[in-house]
Amino acid sequence: MTDTLTKKDFKSDQEVRWCPGCGDYAILNAVQQACATIGKPQHEVAFVSGIGCSSRFPYYMNTYGFHTIHGRAPAIATGLKTANPALSVWIITGDGDALSIGGNHLAHILRRNLDVNILLFNNEIYGLTKGQYSPTSPAGTRTKTSPMGSIDRPFNPISFALGCGATFVARTIDTHLKHMAGVLEAAAAHKGTSFIEIYQNCVIFNDGAFDDVADKKVRDDRTIDLEPGQKMIYGKDGDKGLKTEGFSMVRCAPEEASTWTAASPYGAPAFLMSGLDHDPEMPNPIGIFRSVDAPIFEDGVNGQVSAAIEKKGRGKLKDLIYAGETWDINS
Amino acid sequence: MTTTTQSGELPLELAETVVIRFAGDSGDGMQLTGNQFTTSSALVGNDLATLPDYPAEIRAPAGTRAGVSGFQLAFSSRDIHTPGDSPDVLVAMNAAALAVNYKQLKPGGLIIANTGNFGEKDLEKAQLKTNPLADGSLDGFRVIEIDINKRVAEALKDSGLNAKEVQRCKNFYTLGLLYWLYSRPMDVTEKWLRDKFGKRPELAEANITAMKAGYNAGDIHQLFQGRYDVKKCQELPNGTYRNIMGNPAVGLGLIAGAELAGLEIVLGSYPITPATTILETLAAYKHYGVTTIQMEDEIAAICAAIGASFAGKLGVTTTSGPGMALKTEAMGLALMTELPLVIVNVQRGGPSTGLPTKTEQADLNQAIFGRNGESPIPVLACATVGDAFECAVEACRIAVEYMTPVILLTDGFIANGAEPWKLPDIDALPRFEVKFAQDKDGFLPYSRDEKGARPWAKPGTPGLQHRIGGLEKAHLTGNVSYDPDNHEFMIHARLEKVMGIRESIPTPKVEGAQNGKLLVLGWGSTYGAITEAREQLHRKGIEFGQMHLRHLYPLPKGLAEIFARYDRVLVPEINLGQLARYMRGEFQNVEFLSYGRTLGLPLRAHEIAAKIETLLEQ
Ligand code: SF4
């Protein structure tokens with residue numbers, strides 16, 4: 001590359017059409033910036049999305065893009081990335097797209113460990129269909145389809161991803177630009193499926209859903225950034241810590257805080273942290289829950305094709321057809 | 001039949017066409033036995049056709065009617081078109097197999113019954129109150145009783161195998177017996193067994209011993225009054241042949257099609273009866289640059305194929321009816337994004353889970369009409385096993401030349417049926433090389449060439465970044481557009497593109513009478529039965545025209561002129577008249593009569609012939 005890429009290089013000519021104030025704008029900005037920082041040229045990058053507000057994202061990126069059908073982006077990305085492993089592939093999805101209709105595909109892409117980045121914009125509501133409860137809405141959420149409150153227990157996207165054996169699991173917040181940039185770059189650097197949950201504010205149908213932890217005023221005291229290799233210390237003044245005690249996580253003085261590891265051979269520490277959400281006594285974890293190495297799907301698939309060609313030689317059509325027991329008729 | 005004498009004592013009769021049905025328990029290895037007999041007959045030079053008929057359950061309770069697995073095969077010194085309406089010979093490995101099958105046997109037909117499985121318990125499991133071998137049920141048939149269980153045990157008493165392993169060689173004993181009866185060579189099967197049991201040579205030897213014991217039993221025990229020979233078929237066109245089943249033929253056709261397009265295949269699939277063996281076939285051909293991905297479900301399977309097509313590969317997905325239902329939305333996406341994609345539906349009995357292992361042609365409506373919106377997708381159907389190869393190539397051609405998903409319909413009968421396949425001259429197959437968009441200047445993702453196809457620009461190509469998706473596209477730019485006029489324009493553009501395929505397909509030929517009272521119009525796997533019916537009636541001096549459609553959507557040009565040459569058109573199909581109804585809509589001045597059967601079985605030639613005779617008498 002001769003020129004360094006800038007954020008502008010990743011902006012498409014399409015007018016962005018989310019509601020004013022939607023958290024999606026900040027994410028789009030951060031992703032365009034991250035792409036410039038990562039420095040892969042636009043034509044080697046592809047954004048694949050499903051259906052929902054967030055899934056309009058590819059139209060706004062000056063890269064290759066595929067706005068697919070509801071829930072199926074991981075499956076389409078699997079074909080795309082396997083067919084061309086040189087591409088940097090990003091999947092943009094939402095809580096409904098990824099965890100309702102597309103739950104199966106999300107589970108399977110995570111277990112396969114395709115080398116792609118999945119950004120799940122979690123706003124705990126269906127935005128595009130105008131405000132029905134989603135699979136991440138807390139039980140009791142009142143919407144037009146749940147006038148007496150939703151009954152369903154919600155998914156925790158982080159626990160879901162961990163349960164699927166995801167090799168990179170992180171969380172960030174739409175308004176926390178610096179944090180988001182760090183997480184996006186770490187995700188892009190990770191070899192394997194990177195799963196990022198982004199708390200995204202839907203100003204129209206679920207405004208302030210994450211304010212209790214994500215609002216700038218309380219954020220430092222109500223969240224803890226999981227940084228691999230760092231002490232688990234949080235708070236505006238760095239005055240709070242977390243440590244393990246038996247099978248639990250407890251608050252402690254900063255000097256007693258445990259050191260966070262995202263690379264434990266077991267998923268247990270990450271699961272433990274993902275369970276802290278919505279506990280008013282505890283900080284809500286963001287940052288990197290898990291980051292481990294595992295074989296990459298497309299490498300395995302393409303490796304078998306190369307191995308077969310190496311072993312048997314590139315197949316010739318004639319040998320394919322004239323195979324097995326043949327006989328001639330000449331009368 | 002002519003009788004000659006051979007060196008042995010028994011007369012050797014020449015037979016023209018023989019239909020054998022092997023029937024036994026699911027665990028008895030009848031499919032294998034049938035396949036071996038088929039291969040040996042193919043190598044003798046017979047024309048042949050097969051019809052495997054097995055239960056959906058992998059191992060239904062042993063000895064019951066539900067567990068009966070059958071394999072029917074017709075082999076002939078003539079050019080034949082079907083596996084036969086009714087067998088000449090029934091091999092019944094147990095009481096249930098006899099009970100299920102004997103009524104379909106030809107009058108005077110031969111039954112070879114394994115009396116080792118006709119005990120009281122066996123009869124009970126087969127829901128028989130009395131033993132059909134003794135109660136007169138089989139009057140009118142020739143019955144050979146032989147205790148195969150016992151004979152195999154004797155033959156293998158020194159093999160060192162345990163009793164269970166010995167009994168598993170029963171099918172090869174039976175095969176040997178039939179090889180003797182029909183003068184087939186055993187060497188191909190011998191070789192096959194040695195290859196198959198390479199790691200356990202004692203099993204290969206035991207099976208070979210059993211087969212030879214069966215063969216010798218024919219000679220020594222004078223079970224039969226004579227043996228038969230079916231000579232090499234001289235009616236087949238000159239060429240090199242191999243025996244093949246429909247699913248592998250589709251698989252080979254896809255590989256050939258991709259190669260002719262200069263592309264590599266990515267198959268996204270999910271196992272489903274009776275389509276799975278296409279996935280299995282392609283998975284074994286990785287050295288042809290074939291990538292197979294077994295996805296988590298039917299939807300993911302087609303989506304992975306679409307993703308691969310976006311990347312510049314030839315995306316393919318293979319399935320059967322219920323899987324087609326699941327893939328429907330994604331087909332619409334492929335159509336809207338105008339990406340090439342081949343979708344193979346090996347039709348089975350429906351609706352719902354239906355009859356997974358049986359055949360039917362009832363997904364025609366689904367293929368042509370079964371999507372939301374105005375969604376034209378080309379539909380082809382294969383007529384025979386050999387045709388499956390050509391149709392798969394044709395599906396690839398249409399997909400890449402017109403940038404469109406294409407549906408290829410086969411069915412369970414073609415999928416599992418085997419036939420001698422005259423191998424195509426590979427070098428003579430026309431190529432349809434894909435040219436990817438490269439040039440940045442004036443690149444418009446939804447501009448169209450003279451065929452109406454949009455450019456195919458692979459991600460990774462500098463300067464051609466563009467976005468596609470399921471929302472309505474603006475003409476030329478491909479940007480999202482809600483404009484009413486653009487929507488209508490694009491609906492027409494997509495339809496006209498698909499209709500334009502007619503320019504590249506031939507008008508089908510009419511066989512038999514070129515005009516007259518009746519044209520019989522078929523599609524898909526009924527070709528053999530209709531042809532057989534035509535030949536049967538021709539021998540009686542009755543003539544009619546026969547036309548078979550490969551391209552079902554769009555329809556080839558020139559059909560109206562052909563229909564006009566006949567008083568009426570009869571449409572036999574394995575459904576309740578789906579093609580007939582479609583034709584009535586397309587050609588309102590033509591009288592289409594439907595002949596639909598839905599038994600889960602191929603149409604029977606003599607039934608079609610009877611229907612035609614009645615019509616022509618009217
Ligand atoms: S509905 Fe909500 S999520 Fe959708 S664009 Fe508007 S603010 Fe954003």
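The lining of the second largest pocket comprises 18 nonpolar, eight polar and twelve charged residues. Here Ala, Val, Leu, Ile, Met, Phe, Trp, Tyr, Cys and Pro count as nonpolar, Asp, Glu, Lys and Arg as charged, and the others, Gly among them, as polar. The model is predicted: local features need pLDDT of at least 70, side-chain atom pairs count only at pLDDT 80 or more, and totals for chains, interfaces and linings use all residues. Residues are numbered from 1 along each chain as its sequence is written, chains are lettered from A and ligands numbered from 1 in the order written, and side-chain values use heavy atoms, with hydrogens and water left out.

The second largest pocket holds about 1100 Å³ of space. Of its 38 lining residues, Ala383(B), Thr384(B), Asp387(B), Glu390(B) and Tyr527(B) are the closest to its centre. Two or more lining residues come from each of β4, α14 (385-402), β17, α17 (527-539) and β21 (545-549) of chain B. Helices (H or I, at least four residues) and strands (E, at least two) are DSSP runs, numbered from the N terminus. Pockets and cavities were found on a 1 Å grid over the protein atoms alone. A cavity is a set of points where a 1.4 Å probe fits but cannot get out; a pocket is an open set with protein on both sides within 12 Å along at least five of seven lines. Lining residues have an atom within 4 Å of a point. Grid points are joined across faces, edges and corners, and a volume is the space filled by probe spheres set on the points.

Four cavities of 30 Å³ or more were counted. The largest cavity lies between domain 1 (3-229) and domain 2 (242-428) of chain B, because both give residues to its lining.

The second largest cavity has a volume of about 100 Å³. It is lined by 14 residues, and Leu51(B), Pro52(B), Thr357(B), Lys358(B) and Thr359(B) are the closest to its centre. At least two lining residues come from each of β4 and α15 of chain B. The lining divides into six nonpolar, six polar and two charged residues.

Chain B also has a domain 3 (511-617). Domain bounds come from an automatic or database domain assignment. The centres of domain 1 and domain 3 of chain B, taken over C-alpha atoms, are 36 Å apart. Six residues of domain 1 contact ten residues of domain 3 (heavy atoms within 4.5 Å).

Ile272(B) sits in the loop between β11 (265-269) and α10 (276-283) of chain B. Its relative accessible area is 11%, so Ile272(B) is buried (under 20%; exposed is over 50%, partly exposed in between; 1.4 Å probe, protein chains only). Beyond residues up to four places away in sequence, Ile272(B) touches Glu298(B), Thr319(B), Ser320(B), Pro322(B), Gly323(B) and Arg348(B). Phe224(B) is 48 residues from Ile272(B) in sequence and 43 Å away in space, C-alpha to C-alpha.

Chain A has eleven helices and twelve strands. Of its 331 residues, 56% count as buried. Its C-alpha atoms fill a box of roughly 90 × 50 × 45 Å along the principal axes.
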